[in-house]
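Please look at the sequence and the model shown here.

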Protein chains: 2
Amino acid sequence: MSKVITPQEQDYSKWYNDIVVEADLADHSAVRGCMVIKPHGYAIWEKMQQALDKMFKDTGHVNAYFPLFIPKSLFEAEEKNAEGFAKECAVVTHYRLKSDPQNKGKLIVDPEARLEEELIVRPTSEAIIWNTYKGWIQSYRDLPLLINQWANVVRWEMRTRLFLRTAEFLWQEGHTAHATKEEALIETKQMLDVYAHFAEKFMAVPVIKGVKTANERFAGADDTYCIEALMQDGKALQAGTSHFLGQNFAKAFDVKFANKEGKLDYVWATSWGVSTRLMGALIMSHSDNHGLVIPPKLAPTQVIIVPIYKGEEGLQKISVYAGELKKRLQEKNISVKFDSRDSLRPGFKFAEHELKGIPVRIGIGERDLENGTLEIARRDTLSKASIKMEEAETYIEKLLEEIQTNLYNKAAERMKNMTTKVDTYQEFKKVLDEKSGFVLAHWDGTSETEEKIKEETKATIRCIPLNNPEERGVCIYSGKPSTQRVLFARAY
Amino acid sequence: MSKVITPQEQDYSKWYNDIVVEADLADHSAVRGCMVIKPHGYAIWEKMQQALDKMFKDTGHVNAYFPLFIPKSLFEAEEKNAEGFAKECAVVTHYRLKSDPQNKGKLIVDPEARLEEELIVRPTSEAIIWNTYKGWIQSYRDLPLLINQWANVVRWEMRTRLFLRTAEFLWQEGHTAHATKEEALIETKQMLDVYAHFAEKFMAVPVIKGVKTANERFAGADDTYCIEALMQDGKALQAGTSHFLGQNFAKAFDVKFANKEGKLDYVWATSWGVSTRLMGALIMSHSDNHGLVIPPKLAPTQVIIVPIYKGEEGLQKISVYAGELKKRLQEKNISVKFDSRDSLRPGFKFAEHELKGIPVRIGIGERDLENGTLEIARRDTLSKASIKMEEAETYIEKLLEEIQTNLYNKAAERMKNMTTKVDTYQEFKKVLDEKSGFVLAHWDGTSETEEKIKEETKATIRCIPLNNPEERGVCIYSGKPSTQRVLFARAY
C-alpha cells in the first residue's frame, strides 16, 4: 500500500480521514468544503441508494425531480425554515461571464447579467416543492402525494469533513402531502422505521429511534424524528431524520384542498432524508486499523479471489479453477471478482483488498489445486480457514450472512457498553470525559437547561427515545422534576 | 381527461407541450427556465438511466461524483471550453443571507459574505474533473481512467422548452483519460456506438452517426461525434455526443504521466454525454394526438389491466381473474398494474392510460370471465384483439416485442422518407420549406459557407455521416468541388 493508516488509538480523526482517502472513498476537491466521491465510495453509495429506493417504492413512493435553485422570495416564505438555513446559503446572483478587458484569456462576472431576483442553491427543497404542490393539489382526491427526490444540496459549512459535513452533499428527500394530521404522522413514523431498518439490516449499524427536542428540530417542522448511531470513538451521529411539518408549509405557500365534505383545509406535510453522511457512519462503525470494513449487503464486491502463483503457466491453471468458483458464486447472486493483475504481488493485493474492505478474500495457490481446497479470509475478524472447493458456495453464502450479523452484533454490543445511566451532573461530566458514549439522564424539559449543558459540556440531547419508559427523577442540571431520561452525547 | 391534446397538425409545438404537461412528464417551475420532472416522466428517465448505466459498466466504466461548483480560475483554464460556455453560466457570488433590516421577515444577500473567488455552477465538468485527475494520474499504470457521473448541470438558456432546452437539466457525463491517442479515439467511437445502440434498441429511435463540423464542435474538443435523430415534424435533434478532447484539458491542467519508457507525456481525453433531452426525442418520435407512446423497453408500466364491471361483486370476481393474470405476466418479467380505482369509469381510465403511453391495455369484463378471454389494446396502433386467457403471457410477451419493433420501423421509415438528396441550392431551400427533414447535399468544407447557409435558411450541418460514401460533386452554395454529401437539417 502506498500509505499506512494512522491507528485509531493515536488519532481517531486522522484515522478516519486516512481511511476515506486511502480506501478510495472520497477526497477533498479544489472547491472549498466540497468533496469528490471516488469510484469505490460511489459504488457503496449506489448500493445504499438501491436498497433505500426499493424500500421507498415498496411503501408507495415515487421519484421526481425539482429545480436546484429556489428564488429568494419563495425561500423566505416559510419564515422558520428560511431563518434556519439563511446563514449557510450559496447564492446565485449573475448568469453570465465575459472576457476580462484587463486580462487577456481571463473571465469576469458580467455586471450587466445580474439576476432580478437572487437564486438560492437548495439547502433543502421544501420551499420549491410546496410551491409546486400548490398547483397539483385541489381536492382530497389528489392526496396523498408520496414523492421522493435523489439530489445534491448545498449548505455552506465552515468546518467540513469528508462525508460527515460537506458544503455539497448527495441525499434523498421525501416530501409528502396528506389530507389529515394522523396520516402525516403515520407517514413520518413509517419513514423513520424504514431508515432504522436500513441502518440495522443493511449498514449493520444499531440505532436509537427518538424525537428531537425543540432546540434540535428541523427549521420549519413541528416535530423531528431521528435515528441516532454511536461511533467507535463514543460520539453520536445523527443518521437520518423524518419531519412532521404540520401545516406550516401549506400555510406559507397557501396549499389548500377541498375535503370530502367540500370544505377547504390546509394540507399536512412530512419530509425525510438521509445523505452521503451515512458513508461516514458506515466507516466509523466497522472499520479498523487495516482499513475499511464493509458489511456484505452493501459491498459492491463481496468476494475477491487472489491467485498465488509462479509463472504464466501457474496463473493459467489457477484461472481455470477460479473461473469455475466465480461462476458458482455468481449463481448464488454473490458479487465476486478475480484479481488477475500480473504486475502486483499477492501480499500487495491482500493489503489493498483489506484496505478497501472487501468482506471475503479467497486465496488460491498451486497446492490448493492439488488438494481441491481454498483459503478463505474474512475481513471482519481477519481470521482464515481452509475449505474444500466443493463446499465453496454454501460456505461463502453462509459466511457472508455471518459477517453481516457479526458486524451488527459487535456494534450493538459496543453501543450497549457505551450507554450509561447517570443521576448527577458530576457523574454526567465524568462519563462524557472518561468513557464517552450515550448518556441517559433526567432533564427538566426546558431549552434553557439544554443549552446550558451544551455550553458547559458540548453534549447535546440526541433525542427523547421512542417507547421511553416512564421514570420519575430529577433533572441532573436544575434538580427540577422529570418523568423520563433523555439521550445525551457529544456528536458529529 | 382534464384536457384534450392540441392536434399535431394544428400546432406541433403546442402538441408537444400538451403531451409533456398532460401526460405528467414535466412542468414549468417557478424558476425561470427550470423544469419539474414529474413522477411519470422521472420513471421513464430512470428506465433510461438503468439501461445506459448497465452499458457503461459493461464497457468497463465506473461512476463517481465531482463538485457542482467550479472556481472561476479553474473554469477559465481551458480557454476554448471557457469561452464556449461563459455566456450561459450561473455564478455563485455569496454564501449567506441575512435579515432585511428594512423589511421584517424578508432576507437579503449578506454583502459581507462575498466569496473571494466566484463559483460557476457546472455547465459541464471537464474543468473540475481534469483538475482532480491531475492528482490521480502519475504513471501509465494509472491509465485508463474510465469514469462516468450522473449529475445536474446548468446552462443559462434564454429560450427554454421542457426537456429540450432547460436551464438546469439532468445528464450523465463520461470523462476518460488514456495513455495514447489511438485508445482515446477508440473510446470516443465506442461510446458513440453505445449511444446509437441505446437510441435504436431501447428508445426505438433510428439515428445517424456522424462527426460535427468545426463550427458545431464541443468547445474544447478536437472532434465531436454525434447521433442525430429526426422528429415527426421533420426537424433534427442531436441525441448524444462523444468528444475526442485530444490533450487540450491535460495541457490546460498540466496532467502528465510517465509512460512505459519513463518519459513524461500529456494524457489523452474523451468526454461523452446524454441528457434528459432524450425524453424530448422519445416523445417526438412516437407520440400521437391521443398522447404519449412509450416503447415497451422504457415503459415503467408495460401492461395496465382495467376491470369493466358493475357493482362491488363484479369487481371482486374480476380482481381474482386479474390477479392470476398479473402473476403470470410478472413471472415473464413484464411490469403490470391493475387499475382498481373505484371512483373512475373505464372510459376515463382508458383515455388516461392512452395519454400516458402505456404500451398494452387489457380490458376484463364480466363476459370475459365466462368466456375465458381478455381484450387487448395496443397503444402504438390503437388496434384491439380478443385473446384466450391461457395464451395471455405468451401473446403479450410477443406483443411487447412487436410494438418495440413496430415503433422503430415506423420511425425508420419516416426518416428514410424524410431524407432527401439535393444538388442545387434552390432545391435545398425548397425541400427545407416544403418537405423538411434531413437533406444530403454537397458542401465545400468551409465554415464560411456553412454559416451563410445557416443564416439564409436556418439549416445547419447536423453531421458528416460516418462511413459516408465518397462522391464527387459541387457545393450547393459556392459551386466549389466537394467529395461527399453532408447531412443538413433545421434542428431543435
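In chain A, α6(A) is followed by A:Ala204, whose phi is positive, near 60°. The model is a predicted one: local features need pLDDT of at least 70, side-chain atom pairs count only at pLDDT 80 or more, and totals for chains, interfaces and linings use all residues. Residues are numbered from 1 along each chain as its sequence is written, and chains are lettered from A and ligands numbered from 1 in the order in which they are written.

Helices (H or I, at least four residues) and strands (E, at least two) are DSSP runs, numbered from the N terminus. Helix α6 of chain A covers residues 181-202, which makes 22 residues. From its first C-alpha to its last, this helix reaches 31 Å, close to the 32 Å expected at 1.5 Å a residue. The expected span is 1.5 Å times one less than the number of residues.

A residue is buried if 20 or more other C-beta atoms lie within 10 Å of its own, exposed if 12 or fewer, and partly exposed in between, with C-beta atoms placed from the backbone. Among the buried residues of α6(A) are A:Ala184, A:Thr188, A:Met191, A:Tyr195 and A:Phe202. An α-helix has 3.6 residues a turn, so residues three or four places apart point the same way. The buried residues of α6(A) pack against α2, β10, β11, β12, β13 and β16 of chain A.

The helix α2 can also be followed in chain B, where α2(B) has residues 39-58. Its 20 residues should span 28 Å at 1.5 Å a residue, and its end C-alpha atoms are 28 Å apart, which agrees. Buried residues of α2(B) include B:Trp45, B:Met48, B:Leu52 and B:Phe56. Just after α2(B), B:Gly60 takes a positive phi of about 90°.

A further helix of chain A is α5 (residues 126-136), which holds A:Lys134. A:Lys134 has 17 other C-beta atoms within 10 Å, so this residue is partly exposed. Two residues are in contact if their C-beta atoms, placed from the backbone, lie within 7 Å. Leaving aside neighbours within four places in sequence, A:Lys134 is in contact with A:Phe253, A:Asp254 and A:Val255. A:Phe253 is 119 residues away along the chain, yet the C-alpha atoms of A:Lys134 and A:Phe253 are separated by 7.0 Å.

## Strands

In chain A, 11 strands form an open sheet of mixed pairing, in the order β3-β9-β10-β16-β13-β12-β11-β24-β27-β23-β22. Its edge strands, β3 (62-63) and β22 (419-421), each pair on one side only. Two strands pair if DSSP finds at least two bridges between them.

| Strand | Partner strand | Bridges |
|---|---|---|
| β12(A) | β13(A), residues 236-246 | eight |
| β20(A), residues 373-378 | β21(A) | five |
| β5(A), residues 91-94 | β5(B), residues 91-94 | three |

A:Ala229 stands opposite A:Leu237 in β13(A). In β21(A), A:Lys384 is the bridge partner of A:Ala377. The hairpin of β20(A) and β21(A) has five residues between the strands, and there A:Leu382 takes a positive phi near 65°. Of the five residues of β21(A) (384-388), the number buried is zero, so this strand lies largely in the open.

## Domains

The domain assignment, which is automatic or taken from a database, gives chain A domain 1 (12-71 + 126-286), domain 2 (303-399) and domain 3 (419-489). The C-alpha centres of domain 1 and domain 3 of chain A lie 27 Å apart. In this pair, 15 residues of domain 1 are in contact with 15 residues of domain 3. On the domain 1 side, β11 (208-211) and β12 (223-230) of chain A are the elements that give two or more residues. The largest share, four residues, comes from β11(A).

## The two chains

Which rotation superposes chain A on chain B? The rotation is 180°, with 0.0 Å of shift along its axis and an RMSD of 0.0 Å. The two copies are thus related as by a two-fold rotation axis. Copies are superposed by least squares on the C-alpha atoms of residues with pLDDT of at least 70 in both. Of the residues of chain A, A:Val92 comes closest to the axis, at 2.1 Å (C-alpha). The bridge partner of A:Val92 in β5(B) is B:Val92.

The contact takes 53 residues from chain A and 53 residues from chain B. The side of chain A that touches chain B has 34 nonpolar, eight polar and 11 charged residues. Here Ala, Val, Leu, Ile, Met, Phe, Trp, Tyr, Cys and Pro count as nonpolar, Asp, Glu, Lys and Arg as charged, and the others, Gly among them, as polar.
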